[in-house]
Amino acid sequence: CNDFGDTIIEETKSYKVGNIPQNATLSLSKNAGTVGESVTITINAKNATSYIFKIGDGTNVICDTGKITSNTYTYTFTKEGNYPIWGYACNDFGDTVIEETKSYKVGNIPQNATLLLSNSSGEVGKPVTITINAQNASSYIFRIGDGTNTIFDSGKISSNTISYTFTEVGNYAIWGYACNDFGDSPADGSKKYIIEQTYINDLTL
């Protein structure tokens, strides 16, 4: 405007009012893996239209996606190590940093896992000692079968040795796994264990 008149500005601008993304969270498909394996990273947030994923090696940022429209990103690690992972949920009104940084470990599954028995046959009521030896293992799984069903499953335990007592005559298979954060490694094949019938004082046990 001036003393001679008003000039209308032909271009009308639009101004949006809204909120930056809310309740942003970051999750991993798993927390550890081996070299060459991939992890899927997911960001969930309210009102987000784009996302930024970042991965570090403890010193440098080794991956920065920039803003992408997908809320998931898959990355494959090529070296062992501990990697921090973080990200942002974004829209036209700003970027929301996700406060919690996730940690992803890359390493090797247990190596050279072997299974040993204290003896290859025994009697009802007398225990057999089962041992798993392996490199880099932090837990172990022991399983025993009767040829048809699994009759014992220890689940993951910290001890690499258990003692098991059979209550019936039969031929049994014994196998196991050495485990750590990066995966489970089967011990070197199953072992056969025979429980024979014994006689004490003319009573069959």
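## An exposed asparagine to start with

Asn112 is exposed, with a relative accessible area of 55%; exposed here means over 50%, buried means under 20%, and partly exposed is in between (1.4 Å probe, protein chains only). Asn112 sits in strand E10, residues 111-117. Strands (E, at least two residues) and helices (H or I, at least four) are DSSP runs, numbered from the N terminus. The backbone of Asn112 has a phi near 55 degrees, which is positive in a residue other than glycine. Asn136 also has a positive phi, near 65 degrees, and lies in the loop between strand E12 (127-135) and strand E13 (139-145). For background, most residues other than glycine have a negative phi.

A quick word on the ground rules: this is a predicted model, where local features need pLDDT of at least 70, side-chain atom pairs count only at pLDDT 80 or more, and totals for chains, interfaces and linings use all residues. Residues are numbered from 1 along each chain as its sequence is written, and side-chain values use heavy atoms, with hydrogens and water left out.

## Overall layout

What does the secondary structure of the protein chain come to? The tally is 0 helices and 20 strands. The radius of gyration is 30 Å, well over the 17 Å that the globule rule gives for 205 residues, so the chain is more spread out than a compact globule. That radius is taken over C-alpha atoms, and the rule is 2.2 Å times the number of residues to the power 0.38. Along its principal axes, the C-alpha trace spans about 125 × 30 × 20 Å.

Of the 205 residues, 32% count as buried. Among contacts with a separation of 6 or more, 59% come from residues 24 or more positions apart; a contact means heavy atoms within 4.5 Å. Gly58 is in the loop between E4 and strand E5 (61-64), and is exposed at a relative accessible area of 68%.

## Two open sheets

Two strands pair if DSSP finds at least two bridges between them. E1 and E3 are joined by 5 bridges, and Leu26 has Ile43 in E3 as its bridge partner.

Another open sheet of 3 strands runs E10-E12-E15, with antiparallel pairing. Its edges are E10 and strand E15 (161-165), each of which pairs on one side only. Neighbouring strands here are turned by 15 degrees against each other on average, direction ignored. E12 and E15 pair over 5 bridges in the antiparallel sense, and Val128 stands opposite Tyr164 in E15.

## Nonpolar cores

In soluble globular proteins, nonpolar side chains tend to be buried together. A nonpolar core is a set of buried Ala, Val, Leu, Ile, Met, Phe, Trp, Tyr and Cys residues joined through side-chain atoms within 4.5 Å. Which residues touch the most other members of the largest nonpolar core? Out of its 19 residues, they are Ile55, Phe77 and Ile85. At least two residues of this core come from each of strand E1 (22-28), strand E3 (38-46), strand E4 (50-56), strand E7 (81-91) and strand E9 (102-107).

Leaving aside residues up to four places away in sequence, Ile85 touches several residues, including Leu26, Ile41, Ile55, Phe77 and Tyr104. There is also a second, separate core of 18 residues, with Val124, Ile130, Ile162 and Ala178 among them.

## Aromatic pairs

Rings of Phe, Tyr and Trp (its six-membered ring) pair if their centres lie within 6.5 Å; planes under 30 degrees apart count as stacked, over 60 as edge-to-face and the rest as tilted. By this rule there are 8 aromatic pairs. Tyr164 and Phe166 have ring centres 4.9 Å apart and planes at 75 degrees, so that pair is edge-to-face. Phe166 also pairs with Tyr172, this time tilted, at 4.4 Å centre to centre and 40 degrees between the planes.

Tyr164 and Phe166 are both buried, with Phe166 at a relative accessible area of 2%. Tyr172 counts as buried too, at 9% relative accessibility. Phe152, Tyr164, Phe166, Tyr172 and Tyr193 form one aromatic cluster.

Notes. Axes fitted to C-alpha atoms, helices over the stretch in contact; angles between N-to-C directions.
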